[in-house]
Amino acid sequence: MEFAVGTILALTALAVSWVALIWQKRGGTFKRIHYTAYYELLTIQRGDEAIDTLINGPISVNLEPGGERLVMPLVFELRLANTGKAPILQSDFSGPLTIRFGDLCNFMGGSMEVNRGTISEFFGENPFELGEGCLRIKPFLMNPGDEVTLSGILNGPVDDDGIEVSGRIAGVETFSRLKPKKDGIRGTATFRSMIFERREEWPPPGRVSAQVFVTQKFLSLDDIAPGATEGHVTTRLNGSPVRDMHLVAFNLEGLSNTSDDPGEGSITFETAGSTFLDCEVELDGEELSVQRARHLITWNGKRVTIRARRIRRGQELIAHFIAEGGVEDLTVTRIPSSITDVQIMRMEIVEDPLGRNLLDMQPTFLLFSQRAHRKFHTDMPKLKAITRRSLEIARRALHGE
């Protein structure tokens, strides 16, 4: 039943689009602008604790030169398109186009892309002006099908209404906002053994199980706004710049009682291409002091050693490290008899993490509502599959293929 209803809605949206397209081809002309925007916290971690860490903790995002600390760094992507059938001229503007972020949110830097020509050809010279909580763009020519993408970094909370585009343009009653998908930031996880090459070789866990988890600390600004923030935004640890900051967590859990086996010693991990910079140790959810942590773990920039024999049944030890680099070459150089295998899970953020949440505004179908537009983009792949299958069946029935 849900499939049938969804198909009917998709067909209805397609019919509306088709009728509008035919009307446009017969000479209908109008001016219209659509835009869609999506933003996320720069850190991979979410929630109040992540924000508090950026404000008060040892990890910070800083604006260079000068080292100004960003209290709430956000990354965003916005697309703006002329989805009408008539050009919007410079003379149609009564003033600048305004992209508003929030009363307490400021644009710190970014990049602009256009789908036709160069930035200077599209906007002219010095087209941008920073305002309090907004970015203004001087009047410019926008032909049907022209699309602008702005991406970059913000500082401070976006208003509850989200990122908004406004301005007075002759023939354009309102700027139509298309709400993003809000699927969040997607990542891929790879999971493998650090000891055995083939999964069928994995042994049952020993007295102590061991896992390693690796992920980026921040979204990549180079992926979101290529080149725009190079040298202007840095990530720091205790005031010192750190490139390619990663989180590396070592997790050991005692599954049975300790023994007198002399082989029950320590496990050691080493890396040559990355550097361990800072460590926090938890035992059964309680953060340990530096002195207590030393009874269980020792480390330097290239090596981490954990005394597995001191982990008792039912205890769980987690060592959280900040590292410069992704420890791609991390290896186990010593393993005790109490640990039979070590699994490592690596999380990678997918390409274009923000853009994946924006709705495509090409081709420029005229849709009467945001809901219809969203429904079209959501159900179009399913509808295409149904159509393709129907054509195959019809071809076989009519031509015996």
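F269 is buried, with a relative accessible area of 1%; buried means under 20% relative accessible area, exposed over 50% and partly exposed in between (1.4 Å probe, protein chains only). This is a predicted model, in which local features need pLDDT of at least 70, side-chain atom pairs count only at pLDDT 80 or more, and totals for chains, interfaces and linings use all residues. Residues are numbered from 1 along each chain as its sequence is written, and side-chain values use heavy atoms, with hydrogens and water left out.

**Aromatic pairs**

- Rings of Phe, Tyr and Trp (its six-membered ring) pair if their centres lie within 6.5 Å; planes under 30 degrees apart count as stacked, over 60 as edge-to-face and the rest as tilted.
- The count by this rule is 14 aromatic pairs.
- F191 and W202 form an edge-to-face pair, at 6.0 Å centre to centre and 65° between the planes.
- F191 lies in strand β12 (residues 187-193) and W202 in the loop between β12 and β13 (208-216), so this pair ties together parts that are eleven residues apart in sequence.
- F191 is partly exposed at 45% relative accessibility, and W202 is partly exposed at 21%.
- F250 and F269 form a tilted pair, with 4.7 Å centre to centre and 45° between the planes.
- F250, which is buried at 0% relative accessibility, lies in strand β16 (residues 245-254), and F269 in strand β17 (residues 267-270).
- Strands are DSSP runs (E, at least two residues), numbered from the N terminus.
- One aromatic cluster is formed by F93, F122, F123, F128 and F140.

**Cysteines**

- The structure holds zero disulfides, a disulfide being a pair of cysteine sulfur atoms within 2.5 Å.
- C105 is buried at 0% relative accessible area, and C134 is buried at 3%.

How values were computed
Helix = DSSP H or I, 4+ residues; strand = E, 2+ residues; numbered from the N terminus.
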